[in-house]
Amino acid sequence: MTSVDEQEDHAVEVPEVPAGESGRPGGRRRRLRLRRPVSLALAGLFFFGPAGAYAAGVRASAIENHPLRAFPGLSAGWKFFARTSAWSIDHLPLRSESVRANVALNERVFGQPPVYGSGDSGPVNAPTQPAPAGRRGGVTYPKVIQGSDGWLYFGGDVTGACNPRLPVSEVLSRLNRLAAAIDRSGRTFVFTVAPDKSTVLPQHLPASYLGERCARARKAQFWSALRSDPPAGYFDLRGPIEAEQKRTGQPAYWKDDTHWGQYAAATYAERLAGRVDPTVFGTPPAIACGGTATRRGDLAAILGRPRTDTMPGCQIQTAPRPVTGTLPTVGSSRVPDFTGTPVHVGDRYTAAGRPVVHARTVLLGDSFSSTSRQFLFPLFDNLTLLHNQTSSVSPARVADAIVHSSVAAFEIVERTVAGGTGSFLDERTVRAVEKAVRAHPLRH
């Protein structure tokens, strides 16, 4: 866009040609006079178009994988202004149309989509916080990486890995501190990592892309350290997901979305329940897949080209009898989403005939837990979901949620934990949890 702007500016500022030196006296002057009202009209459309659209009844809709932000309260202090800016961007009428137009223009002129700044290294729908700055370490990373055959990847898979905030050894040290403090208090600590799509499905990545080398090196270091010395309570998801993907030949992740698909989500829910309560399943459950599941891809929406993906739908079937009836589905009003507000799941979500976990469990997850909730909710009758990045706003809220539970389960996407960028790993959060559980040991 810069070169186009420079050409337009140059054309406007060429000195007028005197009448005696031009075949059409005053022709350039007339053209300049015509340009002024056109420029004013375009400026008016830019500044007042959204307001006019709002007056006409047009309302903003979410185009990324997070709900529209609520207007911040004055209690936010100095953060009020930054959060107000994020709110105004979310609620701008015609925003989705503008994004699509910008993408079309960039691809037609430059042959590639626009770069909207850095890909977020954290979850796609982290609570209340505005998007990070567009540059990390002096490098601007794309939010979406376009692979072969139309496959899309989240740029955050690269950003955090190439600009880590903590050494891998310190990441594992803080996880071990959380595990030790929670276990000493009489509670159970459970931890797993949702693998990045670029880790499980690398074959569709472009031959080269910004950050490829540093991201690959950091991720290899992280997985090696995690496998050789995992924190207490850790259970692996990457191995089972990759094994099933290889066995079936079906991709484990959505094509236009950063999240895992149905089989991987069901595997996560089943293994989490089995880790929290090893007695819950008399016989390991089967995951049956068939029919069709759909999802509107968050990455395609970021590019301004919203599309709907399809893949086989799945269910968890437990012995001695399969579940009957219709389970809650993602997007249903019966299955609430969660961001900064805790969501409690009671027995109203459990399915007849399905074993359930009764332990008071808090799940500190992210958007991967959110996309898995149709499988999670029927397996627990006393579950509270809270976004693991809530500690960026209030470490005390996270500590309090753990204090009021007997099981603290953490699900963290790879791009966040591998780069040490999650606020749950901040020293103040770890200390808040250590202090709270020490002061409130669980009495059986």
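Let me begin with Leu383, which touches Val343, His344, Val345, Thr361 and Leu363, leaving aside residues up to four places away in sequence; contact here means heavy atoms within 4.5 Å. The model is a predicted one, in which local features need pLDDT of at least 70 and side-chain atom pairs count only at pLDDT 80 or more, while totals for chains, interfaces and linings use all residues. Residues are numbered from 1 along each chain as its sequence is written, and side-chain values use heavy atoms, with hydrogens and water left out.

Leu383 belongs to strand E10, residues 383–387; strands (E, at least two residues) and helices (H or I, at least four) are DSSP runs numbered from the N terminus. Leu383 counts as buried because its relative accessibility is 1%, buried being under 20% relative accessible area with a 1.4 Å probe, protein chains only. Between Leu383 and Val362 there are 5.8 Å in space, C-alpha to C-alpha, and the two are 21 residues apart in sequence.

I turn now to helix packing. The axes of helix H6 (residues 168–184) and helix H8 (residues 212–228) come within 10 Å and cross at roughly 40°. Axes are lines fitted to C-alpha atoms, for helices over the stretch in contact, and angles run from 0 to 180 degrees between N-to-C directions. Which residues make this contact? H6 contributes Val168, Val171 and Leu172, and H8 contributes Arg218, Gln221, Phe222, Ala225 and Leu226.

Finally, helix H14 (residues 395–403) and helix H16 (residues 427–439) pack at about 35°, their axes 9 Å apart. Pro395, Ala399, Ile402 and Val403 of H14 meet Arg428, Thr429, Ala432, Val433, Ala436 and Val437 of H16.

Definitions and conventions. Buried < 20%, exposed > 50% of the residue type's maximum accessible area, 1.4 Å probe, protein only.
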